[in-house]
Amino acid sequence: QEGSSLLGLRSLPAAGGFLSRNQVYRRGGGGLKSPIKWMLEHRIYMDYNATTPLEPEVIRVVSEALQDAWGNPSSSYIAGAKAKAMITEARENVARMVGGKAEDIIFTSGGTEANNLVLHTAVEHFWRSCGDWQHDGSRGRPHIVTSNVEHDSVKLAAEQLQRDDVTFVCVSKLTARVEVEDVVAAVRPNTCLISVMLANNETGVVMPVREICQRIGALNRKSDRLKILLHTDAAQALGKIPVDACELGVDFLTIVGHKFYAPRIGALYVSGPGTRTPLYPMLFGGGQERNFRPGTENTPMIAGLGKVRFLLRVCRWDVHLVARLYKKHFTAAVFKDKIRFNSHYPGSDVLPNTCNVSILGPTLQGDVSHRAGGYCPTARGCWPSHILLSCGVPSEVAANALRLSVGRGTTTADVDAVVEDLRETVQLLEEKD
């Protein structure tokens, strides 16, 4: 799930999320190295919310699967049995990562498929349950509640499935969160699904998913209505804050590997798929994943996803340490009154690795993000971000927004260099004007 802006100050657009001071920040050299290793060692990467590099241990297990577990997991010969064993182990590890059981995990191609599977299931379950469900008046059409800052894989899927029967609850312009009372107020007798992301990819604001589940759980205990299914897209939260699906109280939780040092593969946590929680396939085929998601399993990527569980605790502490420098640096005297934090909201928790800032000034509007390689969230248009506008950020401020997100490989020296490069860029733009 790609997020928001990339950062590549004073570099060609092709540099993507890499800062390039005097083309690159040199960190030593010597010897031939792989392109990925060379880039990570010679440039500063500050876009971990968009994607993360693979951990060495993940690369090792993926390579092992490619070499030794190349067989079809449904077969009985040695390579196939090895593949099945690796998938089984990965399923158990992913389940522990989100506080679930192995049977709760369905592997998918990525977060987009997982999110679409949830929305498809909710609508299908509504129609299949209509015959046994009675309430005062007409059954109506299935109704979905979500927020107005969701990823497009939720937003567009909901619109495609239900069009006019979707309520997009607006986040508060004071907290940048979707408020619990607003979600509850949006519920109708025919509401079949509530989907609210656990953390926003641009602002880093953590949503009150647990509180929403508690309130909706009280409604679900009433026998005269259809159960409202509860889903959270945890793509941005995993690896940055603790995530436990059972504590949250969700029926579905989306997992996206490439957001936390795993391969580009996804998984869907389902609380008791097909028993406690309905799950209806979108694809039909050979029966893999208990028929919920058929198709020969991608063993190497699944194995890589399962390996990351052991790295997440260390990763969170590393990120917390580096992230403390953000506010200290950006509020330094070099910026004076030219900085605005688009990721700081009273009373809201924010991902520790995420900082969304705008450089203020009428002469700088649009220039900073353009020169920093600002990323267009969709092909339909660029900044200002509709998410920032929804959070109450003025258009002229949102036009200069940059999202900086640190990760496991970020050092304090990297943060120092980024802030200095940004300061110099702003100074150059001001002198030009």
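## The surroundings of T299

Let's start with T299 and its contacts. Once neighbours within four places in sequence are set aside, T299 touches A65, A69, P73, A83, M86 and I87. T299 itself belongs to helix α9, which covers residues 299-307. Its relative accessibility is 4%, and because buried means under 20%, T299 counts as buried. Keep in mind as you look around that this is a predicted model.

## The chain as a whole

The protein chain contains 15 helices and twelve strands. Of its 433 residues, 56% count as buried. Taking contacts between residues at least 6 apart in sequence, 69% join residues that are at least 24 apart.

How confident is the prediction for the protein chain, in terms of mean pLDDT? The mean is 82, and 77% of the residues reach 70 or more. Residues 1-36 have pLDDT under 50 throughout, and the model gives them 114 contacts beyond four places in sequence. Residues 370-380 also have pLDDT below 50, with 27 contacts in the model beyond near neighbours in sequence.

## A pair of helices

Next come helix α4, residues 111-129, and helix α5, residues 152-162. Their axes come within 9 Å and cross at roughly 30 degrees. Angles under 35 degrees count as roughly parallel, and α4 and α5 are therefore roughly parallel to each other. The crossing of α4 past α5 is right-handed.

Which residues of α4 and α5 make the contact? On the α4 side they are T112, N115, N116, L119, H120 and V123. On the α5 side, the partners are S153, V154, A157, A158, L161 and Q162.

## A three-stranded sheet

Strands β10, β11 and β12 form an open sheet in that order, with antiparallel pairing. The edges are taken by β10 (339-341) and β12 (401-405); each has a single partner strand, so one side of each is left without a neighbour in the sheet. From one strand to the next, the twist averages 30 degrees.

## Two loop residues with positive phi

Y261 has phi near 75 degrees, a positive value in a residue other than glycine. You will find Y261 in the loop between β8 (252-256) and β9 (266-270). Is Y261 buried or exposed? With a relative accessible area of 5%, Y261 is buried.

E289 also has a positive phi without being glycine, with a value near 50 degrees. The loop that holds E289 runs between β9 and α9, the helix in which T299 has its place. E289 has a relative accessible area of 6%, so this residue is buried.

Methods. Residues numbered from 1 in each chain as written. Predicted model: local features only at pLDDT ≥ 70, side-chain atom pairs only at ≥ 80, totals over all residues. Heavy atoms only, no water. Pairing = 2+ DSSP bridges. Helix = DSSP H or I, 4+ residues; strand = E, 2+ residues; numbered from the N terminus. Axes fitted to C-alpha atoms, helices over the stretch in contact; angles between N-to-C directions. Buried < 20%, exposed > 50% of the residue type's maximum accessible area, 1.4 Å probe, protein only. Contact = heavy atoms within 4.5 Å. pLDDT = per-residue confidence, 0-100. Parallel < 35°, antiparallel > 145°, perpendicular 65-115°, else oblique. Left-handed = near helix turned anticlockwise from the far one by under 90°.
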